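User: Hi! Could you walk me through this model?

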Amino acid sequence: MMDLSSYGYCEIEEENSHNTIPARVTAVHRERYELVCGEGPVFAQLKTAVYYGREPEPFPTAGDFVRIQYNESGDSLIVKTLPRRSLFSRLDPTPGRGEQAVAANFDYVFILSSLNHDFKVGRLERYLTLAWQSGGTPVVVLTKRDMAENAVETVRKAQDAAPGVDVYAVSSVTGEGIDALAPYLRPRKTLVFLGSSGVGKSSLVNALAGETVMNTAAIREDDSRGRHTTTHRQLLMLPSGAMVIDTPGMREIGMWDAEEGLSGAFSDVEDFLGRCKFSDCTHQNEPGCAIRAAIADGSLSEKRWQSYLSLKAENRYVEDKMGYLREKQQWHKEISKWVKEKKKAGGKFR
Ligand SMILES: Nc1nc2c(ncn2[C@@H]2O[C@H](COP(=O)(O)OP(=O)(O)OP(=O)(O)O)[C@@H](O)[C@H]2O)c(=O)[nH]1
Ligand SMILES: [Zn+2]
């Protein structure tokens, strides 16, 4: 027998539906899930009537708690996705499918930024917004401290950009600062990592695990099969009893850099976005379209608008971008209100 509470499971009442037991998703394959349940690790599949029926349950993702019909001699059946206390999702790559869950039920969102690269406050703010939205608690971890020239200054910048959030500077190579992360690595707690490629996510996970559980870039370079081909468990139990969720989807959530580059290059165009009369404006021929107006009065060239659109690949992105800006404004308002209240109460966040 295995105790699922060591995987962070909290019993909720009325869940004791007949013949099912709770489990946590540790890996998602194409049509098969790896789970842990009271009986140990199991493979499972979705119950079709529940997940493809009239009112389908949300598809489980790494970290999800589910209920299963346990099968001793074959794949178990997943019959319910239990309510999530935190979630990262993205647009499903398959058009028309809406949202796709990426990671669920984490406690802390480690936002990684490297001390040996340009530290960008804007990028940190985006990650913080995402983290607060997800329902997890953000923690800023500045990596590669051994390579930093002005760590103290960068830490201060990060602290200014992240009021109420703890900021740490660590090195996965020398081990400096790693011990300070211990409060987040308690048993039953789950972490996810946000950060650009190469920031040192895998190295930090390995440092926390005290062994190589994830291949780092240095190792992957020699891997002729290419990166990300190795399947690994997506919910990983650390020796401390805390867990880390790492899925390919999480890497995409961290992929803001390309967009940021584009935004910088097209800030003149983006100045007009979000100013249209209708928030869902497609900038074709709607009344009150700020883009059309700018093109008409010459403050924006049609050519530039078109190259913006083609670089963004799809109108969809433009819509997302606007949605993102709206959300960001709203969240910044709410967060600063909340931070003020907390500060007034003299509380520490955790
Ligand atoms: N000097 C130094 N190098 C580090 C440190 N952490 C990571 N690196 C190096 O930085 C490179 C990228 O590290 P990874 O851990 O693979 O980065 P990642 O964020 O997992 O990268 P992706 O898998 O591409 O998202 C590797 O060459 C590591 O050896 C550190 O604390 N100090
Ligand atoms: Zn418009």
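This is a predicted model: local features need pLDDT of at least 70, side-chain atom pairs count only at pLDDT 80 or more; totals for chains, interfaces and linings use all residues.

User: Great. What's the strand order in the open sheet of 6 strands?

Analyst: The order is β10-β9-β8-β11-β13-β12, with mixed pairing. Strands are DSSP runs of E with at least two residues, helices runs of H or I with at least four, numbered from the N terminus; strands pair if DSSP finds at least two bridges between them.

User: Which strands stand at the edges?

Analyst: β10 (167-169) and β12 (235-237); each has a single partner strand, so one side of each lacks a neighbour in the sheet.

User: And how many bridges join β8 to β11?

Analyst: There are 4, and the two strands run parallel. Phe 110 stands opposite Phe 193 in β11.

User: New topic: is Val 109 buried or exposed?

Analyst: Buried, because Val 109 has 26 C-beta neighbours inside 10 Å. The cut-offs are 20 or more other C-beta atoms within 10 Å for buried, 12 or fewer for exposed, and partly exposed in between, with C-beta atoms placed from the backbone. Val 109 lies in strand β8.

User: Which residues is Val 109 in contact with, leaving aside neighbours within four places in sequence?

Analyst: Among them are Ala 131, Val 139, Val 192 and Leu 194. Contact here means C-beta atoms, placed from the backbone, within 7 Å.

Note on methods:
Residues are numbered from 1 along each chain as its sequence is written. Chains are lettered from A and ligands numbered from 1 in the order in which they are written. Two residues are in contact if their C-beta atoms, placed from the backbone, lie within 7 Å.
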